[in-house]
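Here is my note on the model you sent. Please keep the structure open while you read the points below.

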Amino acid sequence: MVKVYMWKEKDFYTVEDLVGIMRVLRGENGCPWDKEQTPLTMRAPLIEETFEAVDAISNEDANHTKEELGDVFLNASMISSMYQEN
């Protein structure tokens with residue numbers, strides 16, 4: 001039985017929420033772009049987001065750093081999910 005993940009606004013999200021989102025994005029009715037990606041195609045976005053995070057840290061911009069680290073984490077989570085699928 002496949003659990004259908006429903007998004008709802010929360011003050012706090014868990015790792016299980018993130019795993020559910022990855023399953024939805026890469027699932028049968030998910031995002032076409034996300035479903036096409038592989039760990040190899042995700043290298044460039046991961047590198048780009050990492051450089052953006054480092055730049056934000058260098059500029060001592062806490063809000064931008066938080067945003068960019070979230071992007072790095074999302075990319076890393078997507079790649080991890082891809083390996084988990086296989």
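1. **Overall build.** How many helices and how many strands does the protein have? The protein has four helices and zero strands. Helices (H or I, at least four residues) and strands (E, at least two) are DSSP runs, numbered from the N terminus. Read from the N terminus on, the order of elements is α-α-α-α. The C-alpha trace spans about 45 × 35 × 20 Å along its principal axes.

2. **What kind of model this is.** This is a predicted model: local features need pLDDT of at least 70, side-chain atom pairs count only at pLDDT 80 or more, and totals for chains, interfaces and linings use all residues. Residues are numbered from 1 along each chain as its sequence is written, and side-chain values use heavy atoms, with hydrogens and water left out.

3. Buried residues make up 28% of the 86 residues in the protein. Buried means under 20% relative accessible area, exposed means over 50%, and partly exposed lies in between (1.4 Å probe, protein chains only). Now take contacts, meaning heavy atoms within 4.5 Å. Among contacts between residues at least 6 apart in sequence, 48% join residues at least 24 apart.

4. **Salt bridges.** A salt bridge is a side-chain nitrogen of Lys or Arg within 4 Å of a carboxyl oxygen of Asp or Glu. By this rule there are two salt bridges. One joins Lys10 and Asp17, with the closest N and O atoms 2.8 Å apart. Lys10 is partly exposed, because its relative accessible area is 32%. Asp17 has 9% relative accessibility, so Asp17 counts as buried.

5. **The bridge between helices.** The side chains of Glu85 and Arg26 also meet in a salt bridge, at 2.7 Å from N to O. This pair links distant parts of the chain: Glu85 is in helix 4, Arg26 is in helix 1, and they are 59 residues apart. Is Arg26 buried or exposed? Arg26 is buried, because its relative accessible area is 17%. Glu85 counts as partly exposed, because its relative accessibility is 45%.

6. Look at Asp34 in helix 2 (residues 32-36). Asp34 is buried yet has no salt bridge. Which side chain of opposite charge is nearest to Asp34? That side chain is Arg26, 6.6 Å away. For charge, Lys and Arg count as positive and Asp and Glu as negative, while His and the chain ends are not counted. Leaving out residues up to four places away in sequence, Asp34 touches Leu25, Arg26 and Met78.

7. Asn75 sits in helix 4. Asn75 counts as buried because its relative accessibility is 9%. Which residues does Asn75 touch, not counting residues up to four places away in sequence? They are Met42, Pro45, Leu46 and Glu49. Ile21 belongs to helix 1. Ile21 is buried, because its relative accessible area is 18%. The C-alpha atoms of Ile21 and Met78 are separated by 9.6 Å, although the two residues are 57 residues apart along the chain.

8. **The second largest pocket.** On a 1 Å grid over the protein atoms alone, a pocket is an open set of points where a 1.4 Å probe fits, with protein on both sides within 12 Å along at least five of seven lines; lining residues have an atom within 4 Å of a point. The second largest pocket has a volume of about 270 Å³, a volume being the space filled by probe spheres set on the points. It has 13 lining residues, and the closest to its centre are Val19, Met22, Ser77, Ser81 and Gln84. Helix 1 (15-26) and helix 4 (62-85) are the elements that give two or more residues to this lining. By class, the lining has five nonpolar, five polar and three charged residues. Here Ala, Val, Leu, Ile, Met, Phe, Trp, Tyr, Cys and Pro count as nonpolar, Asp, Glu, Lys and Arg as charged, and the others, Gly among them, as polar.

9. Glu60 lies in the loop between helix 3 (43-58) and helix 4. Check its backbone: phi of Glu60 is near 50 degrees, a positive value in a residue other than glycine. Glu60 counts as exposed, because its relative accessibility is 74%. Ala62 is in helix 4. Ala62 is exposed too, with a relative accessible area of 60%. From C-alpha to C-alpha, Ala62 and Arg43 are 25 Å apart in space, and they are 19 residues apart in sequence.
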